[in-house]
Amino acid sequence: MMKQVFKRTEGLKDKEFHYCGGCLHSVVHRLIGEVLEEMGLLDCTIGICPVGCAVFMYDYINTDMIEASHGRTPAVATAAKRCNPDKLVFAYQGDGDLASIGMAEIVHAAARGENATFIFINNGIYGMTGGQMAPTTLVGQKATTCQFGRDPKVHGMPMKMAEMLSVLDKPYYIERLAPTSPAGVNKTKAAIKKAFQYQLDGKGFQLLEILCTCPTQWGMTPVQALNHVDEVVKQTYPLGVFKDGGEKL
Ligand SMILES: Cc1ncc(C[n+]2csc(CCOP(=O)(O)OP(=O)(O)O)c2C)c(N)n1
Ligand code: SF4
């Protein structure tokens, strides 16, 4: 009999992802599922799904999930955690969801120091709706609503959410990561575990900004998209820990 070297985590349901090839939403889903399983949290977690390409996240993560309307994930996470302080609560949002329509929600959740884990997928574009410009779109990056590329004179500069939220007093832990390589995947997993542990310890607001690919709306192959994150996206969005233990770093 062949030795089994890899198996689907119990943290994911036995369902095929609907994501495009090379999209890192699926990798982050798997990491969340693995961490929930490894920490024994599958029976005591509430996840809050976004609107965006991850709208069907409740079909994949093997725990209780609530669907929030576009941008309102932090408000729903606040209610879920306050009403169920013994549960682990995580919210999951894209950049259109968190940094555009939901900007006020995340800023106020951070200012209140809500003790939940906020997972922010920054792929620099509105994936689901056809590649419109997001607040995070890079200078010069083309989108369907800025076909000649983002022009700072017209569209302003990209919003750096990890840096912006780090100046608030209440957030306990904020880090930016990129699961574009095996090392990056391992780091992202360790950060998810650390954030969940901080939440269990009652420390307060944790946000992980995770740089992800959208090969479809970027017009790239999966490999080109991974290289693009490493070579280009990270210049605007440097990786690192911005707050830990409540201290700004
Ligand atoms: C109230 C409301 N406004 C607009 C939309 C349309 N809409 C759906 S997803 C989306 C943006 C998704 O982009 P992002 O959050 O970056 O996630 P991605 O699809 O890239 O993962 C928008 C504008 C909506 N569903 N509801
Ligand atoms: S459109 Fe982009 S974000 Fe959406 S599933 Fe495809 S690659 Fe992922």
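Figure 1. A residue is termed buried if 20 or more other C-beta atoms lie within 10 Å of its own, exposed if 12 or fewer do, and partly exposed in between, with C-beta atoms placed from the backbone. The model shown is predicted: local features need pLDDT of at least 70, side-chain atom pairs count only at pLDDT 80 or more, and totals for chains, interfaces and linings use all residues. Residues are numbered from 1 along each chain as its sequence is written, while chains are lettered from A and ligands numbered from 1 in the order in which they are written. Helices (H or I, at least four residues) and strands (E, at least two) are DSSP runs, numbered from the N terminus. In a regular strand the side chains alternate between the two faces of the sheet. Strand S7 (residues 173–177) is largely enclosed by the rest of the structure, because 5 of its 5 residues are buried.

Figure 2. S7 pairs with strand S8 (residues 206–211) in the parallel sense over 5 bridges; two strands pair if DSSP finds at least two bridges between them. Leu177 stands opposite Ile210 in S8. From S7 the chain passes through H7 to S8, forming a right-handed β-α-β crossover. Right-handed denotes that, with the strands pointing away from the viewer, the path from the first strand over the helix to the second runs clockwise. S7 and strand S9 (residues 240–244) run antiparallel and are joined by 3 bridges. The bridge partner of Arg176 in S9 is Gly240.

**Figure 3. Surroundings of Tyr198.** Tyr198 lies in helix H7 (residues 182–200). This residue is buried because 20 other C-beta atoms lie within 10 Å. Leaving aside residues up to four places away in sequence, Tyr198 touches Tyr172, Tyr173, Lys203 and Gln206; contact requires C-beta atoms, placed from the backbone, within 7 Å. Tyr198 and Tyr173 are 25 residues apart in sequence, and their C-alpha atoms are 8.2 Å apart in space.

Figure 4. Of the 11 residues of helix H2 (residues 73–83), 8 are buried, among them Thr73, Pro74, Val76 and Lys81. The cover over the buried residues of H2 includes strand S1 (45–49), strand S2 (64–67), helix H3 (95–101) and helix H4 (103–112). H2 and H4 pack at an angle of about 35°, with their axes 7 Å apart. Axes are lines fitted to C-alpha atoms, for helices over the stretch in contact, and angles run from 0 to 180 degrees between N-to-C directions. Pro74, Ala75 and Thr78 in H2 meet Glu105, Ile106 and Ala109 in H4. By class, this contact has 4 nonpolar, 1 polar and 1 charged residues. Ala, Val, Leu, Ile, Met, Phe, Trp, Tyr, Cys and Pro count as nonpolar, Asp, Glu, Lys and Arg as charged, and the others, Gly among them, as polar.

Figure 5. Ligand 1 is surrounded by 19 residues, the closest being Gly52, Gly94, Gly96, Asp97 and Gly127; a residue is near a molecule if its C-beta atom, placed from the backbone, lies within 6 Å of it. H3 gives the most to the shell around ligand 1, with 4 residues. This shell around ligand 1 divides into 10 nonpolar, 7 polar and 2 charged residues. Residues surrounding ligand 2 include Cys20, Cys23, Cys53 and Cys214. The largest share of the shell around ligand 2, 3 residues, comes from helix H8 (residues 215–218). By class, the shell around ligand 2 has 7 nonpolar, 5 polar and no charged residues.

Technical notes. Two residues are in contact if their C-beta atoms, placed from the backbone, lie within 7 Å.
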